[in-house]
Amino acid sequence: MKALDELTFDNRFARLGDAFSTSVLPDPIEAPRLVVASEAAMRLLDLEPTEAYSPVFAELFSGHKLWGEAEPRAMVYSGHQFGHYNPRLGDGRGLLLGEVYTDAGEHWDLHLKGAGQTPWSRGADGRAVLRSSIREFLASEALYALGIPSSRALCVIGSDTPVWREKQERAAMLLRLAPSHVRFGHFEYFYYTKQPELAKQLGEHVLAMHFPECLEQPEPYLAMYRQIVERNAQLIAKWQAYGFCHGVMNTDNMSILGITFDFGPFAFLDDFDANFICNHSDHEGRYSFSNQVPIAHWNLSALAQALTPFISVEALRETLGLFLPLYEAHYADLMRRRLGFTTAEDDDKQLLERLFALMQNSAVDYNLFFRRLGDEAAEAAVLKLRDDFIDRDAFDAWATAYLARLNREPASSDRTARMHAVNPLYVLRNYLAQKAIDAAEDGDYEEVRRLHRVLTRPFEAQAGMEAYAQRPPEWGKHLEISCSS
Ligand code: AMP
Ligand code: MG
């Protein structure tokens, strides 16, 4: 374990040069203080967890101090926002501080979000507010704990610096960790600005740093694109299986590593609703819950377009064609496990669709349903769950089919343990995040820290934490989360 000043840097992206990023120093925020830190994320960097409470920690992640080896850079990228190409995005408020090289031989990007203006701020203030920083922190670490690939979060640092959104708020900084911050939009930028040499330089960098095994293949770019398709199919299957709605699936928010990236107005489903729109600014529902699957496909086709200088259109099309079948296979597998099945039957999909139709009609809590289904023997569990459904006859018919399906499973005694290992008791519900944010805005960080702790072990019942495993109160179901952050 290391102290903060013992981190070693190896800034590979910065070395690509000024065509890819610009040197910018963080603009510090006033009176920095630790809001919350993730021990698990600190361990990724070999950092001693107690280092989070040293004054230097808050100074480093609020722009007041910098390691000698850090080289803060704002990256340039573009991307499709809500289906329209925006030629110039880039890091408008986040800086890649550098890449930390760990004892395990891993590289982690240290990205400080809310670090002030950059050449890509487009007139905005370069800041992030406390509430959105807390939301990203909690979501990153909660998704990771659920087994959903995600960027990670080391800490949130609060401050006295005022910022204006709909009202006056306080600035914060979030330290994000990821093996890479290269987005689909990076490739789009060099493609649409017609800079093939730079596109190639980016491609070679990404291949060498993040997809080295693809370099062994006859067509490395094609092999890499295939991996990106596969990883996204797995990622979206997990989002859909656990009811995670990202909210802003613009191509600049899509990671080439297939991890959940750039959290905005995300939400986990409370009541099941296939058409749920978590982003209050998304009037058309482009990024609604069920649209995430076709949108991921759309985004992968936008990336394919940017890769046409390296890969034939036929090969790209064929590889993109793998997305949906791969997604379907992963999703079916995850949902079978959520239902407690260890085998696959052709009619499982239909059984699941019937369940969703019933849940939608009766506004049944999505994640709690699966948890409760595994709480006790199936016959007893469905009897209790039945009360949540308006159309009891239809539910009974479903339950009969479900029990018959279970009877065709090989005998097993560990059903509850098996189901509880895939069905979380605790998810980051919007209202739980909101309660923690309300307290934090009043200067009390205890609730953010407690919620974070609960969410690091989402599958284990934790003593005294029953309140975190309940359906939301009525007010908590209708929170309006916009893009403002
Ligand atoms: P996001 O919606 O957070 O993915 O951001 C989209 C683009 O807007 C990115 O280029 C961000 O860097 C930029 N951006 C968002 N908020 C701000 C802000 N407060 N100041 C400067 N740039 C911002
Ligand atoms: Mg973004």
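Before going on, a word about the model: it is predicted, so local features need pLDDT of at least 70 and side-chain atom pairs count only at pLDDT 80 or more, while totals for chains, interfaces and linings use all residues. Residues are numbered from 1 along each chain as its sequence is written, and side-chain values use heavy atoms, with hydrogens and water left out.

**Stop 1: the whole protein.** Zoom out. The C-alpha trace spans about 65 × 55 × 45 Å along its principal axes, and 59% of the 485 residues count as buried. Switch to a cartoon view for the 16 helices and 13 strands; these are DSSP runs, numbered from the N terminus (helices: H or I, at least four residues; strands: E, at least two).

**Stop 2: salt bridges.** A salt bridge is a side-chain nitrogen of Lys or Arg within 4 Å of a carboxyl oxygen of Asp or Glu. The structure holds 37 of these salt bridges.

Next, select Arg 226 and Glu 230, whose closest N and O atoms are 2.8 Å apart in another salt bridge. Both lie in helix 6 (residues 220-242), four residues apart, about one turn of the helix. Glu 230 is partly exposed at 27%, and Arg 226 is partly exposed at 42%.

Now try Glu 474 and Lys 477, a salt bridge with its closest N and O atoms 3.8 Å apart. For a network, select Asp 91, Lys 113, Glu 136, Arg 176, Arg 183 and Asp 262, which are joined by salt bridges that share partners.

Stop 3: Most residues other than glycine have a negative phi. Select Arg 122, in the loop between strand 8 (107-113) and strand 9 (128-129): its phi is positive, about 50 degrees. Arg 122 counts as exposed, at 58% relative accessibility. Then pick Lys 194, in the loop between helix 4 (184-192) and helix 5 (196-210). Lys 194 has a positive phi near 55 degrees and is exposed, with a relative accessible area of 70%.

**Last stop: helix 16.** Select residues 446-455 to show helix 16, where Glu 446 is found. Glu 446 is partly exposed, with a relative accessible area of 36%.

Technical notes: Chains are lettered from A and ligands numbered from 1 in the order in which they are written. Buried means under 20% relative accessible area, exposed over 50%, partly exposed in between (1.4 Å probe, protein chains only).
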